[in-house]
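Student: Please take a close look at one part of this model for me. I would like to hear about its salt bridges and what surrounds them.

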Amino acid sequence: MSKCVENDKLVEEMIESRIERAKTQEILLPLNRDELAASQAGNPWINRTLHTIGSEEGLINLKALCKAQGVTVGSYSFAVLFYAIAAVHIRKQGGNFPEKGVPTLYSDVVANLRSRVEPDPGECFNLCIAEVEIKEKIEKETTLFDTTRYISQQLKSCMEEKKLPLFAAFKQGVETGKHAEFFNSLPEGSYSEFLPSNKVAFKYPTKYSWGEMTSTHSLGSYWCPFFANQVILYHSVNGVLNYTTVCVDGENNVRDAQDVMDLFASVMENSEKINENTGVMDFVGF
């Protein structure tokens, strides 16, 4: 992607914006620095991969809830994740909503571009560029669906091409620029390398002569903490959501990551417990 863009200024601007944010951003679940140093002592760095699997009923109920509320599963899942992180933070502070409130949460989101270039490379192409940012200030009275709709508005705004300069430059290079001949020479749907993004169903065969694939999980050693304290992935396989978290190793870091993933998956899988008034304190007691 960066080779096709060939515009260091755009990349530098993205990095600079994240640096400015980091100067004022308050991390709700900061890494244990001793454990981080121990993980970095190895080559490659040692990280931990956590995973869990949902149920068919859970995904069916999740889709029904989102349809009834008029929201997308994507926006809802981001809101659930925000609330899960905030709730774990509140639990660690004693379980009461903090007097000074919960710090603003930020997330960099991948932009799924598989159907946004011509020719359309088909279902097997998932080029993800993390230049979409979403945020939310969770108040005690804020509801989960308030946040879901706010995130939806942010995503729709960000996905306008004029607000995705890196993608716009990439798209130009692929469709009409110096790299167009190479990309256009590939048969539709034949791009072999891809990055799987969240909420994408596993599109490939799951049944073989030797058995059936029931879940898939992504493992990573270099993912954290280069751009996130935790990397959380979720996608469906055979109508069941699979959840994966990659985090820095160590008792404290793994405990926080496990608590977030457990709460996130529990809410996603138990939609019958969610209503229009569900707020962050409901997550604390979930």
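Tutor: Arg-48 counts as partly exposed, because its relative accessibility is 36%. This is a predicted model. The side chain of Arg-48 meets that of Asp-249 in a salt bridge, with 2.9 Å from N to O. Arg-48 sits in strand E1 (residues 47-53), and Asp-249 in the loop between strand E7 (240-248) and H9, so the pair ties together parts 201 residues apart in sequence.

The structure holds three salt bridges. Another joins Lys-92 to Asp-256, with the closest N and O atoms 3.0 Å apart. Lys-92 belongs to helix H5 and Asp-256 to helix H9, so this pair ties together parts that are 164 residues apart in sequence. Lys-92 is partly exposed at 46% relative accessibility. Asp-256 is buried, at 5%.

Now the two helices themselves. H5 (residues 73-92) and H9 (residues 251-269) pack at about 135 degrees, their axes 9 Å apart. That angle makes H5 oblique to H9. The crossing is right-handed. Lys-92 and Asp-256 are both part of the contact, which also includes Val-80, Leu-81 and Ile-85 of H5 and Leu-263 and Phe-264 of H9. Its residues divide into twelve nonpolar, one polar and four charged.

Lys-100 and Glu-26 form a salt bridge too, their closest N and O atoms being 3.8 Å apart. Lys-100 lies in the loop between H5 and strand E2 (105-112), Glu-26 in the loop between helix H2 (8-24) and helix H3 (33-40), so the pair ties together parts 74 residues apart in sequence. Lys-100 is exposed at 66% relative accessibility. Glu-26 is partly exposed at 39%.

Conventions
Residues are numbered from 1 along each chain as its sequence is written. This is a predicted model: local features need pLDDT of at least 70, side-chain atom pairs count only at pLDDT 80 or more; totals for chains, interfaces and linings use all residues. Side-chain values use heavy atoms; hydrogens and water are left out. Axes are lines fitted to C-alpha atoms, for helices over the stretch in contact, and angles run from 0 to 180 degrees between N-to-C directions. Helices (H or I, at least four residues) and strands (E, at least two) are DSSP runs, numbered from the N terminus. Angles under 35 degrees count as roughly parallel, over 145 as roughly antiparallel, 65 to 115 as roughly perpendicular and the rest as oblique. A crossing is left-handed if the near helix is turned anticlockwise from the far one by less than a right angle, and right-handed if clockwise. Contact means heavy atoms within 4.5 Å. Ala, Val, Leu, Ile, Met, Phe, Trp, Tyr, Cys and Pro count as nonpolar, Asp, Glu, Lys and Arg as charged, and the others, Gly among them, as polar. A salt bridge is a side-chain nitrogen of Lys or Arg within 4 Å of a carboxyl oxygen of Asp or Glu. Buried means under 20% relative accessible area, exposed over 50%, partly exposed in between (1.4 Å probe, protein chains only).
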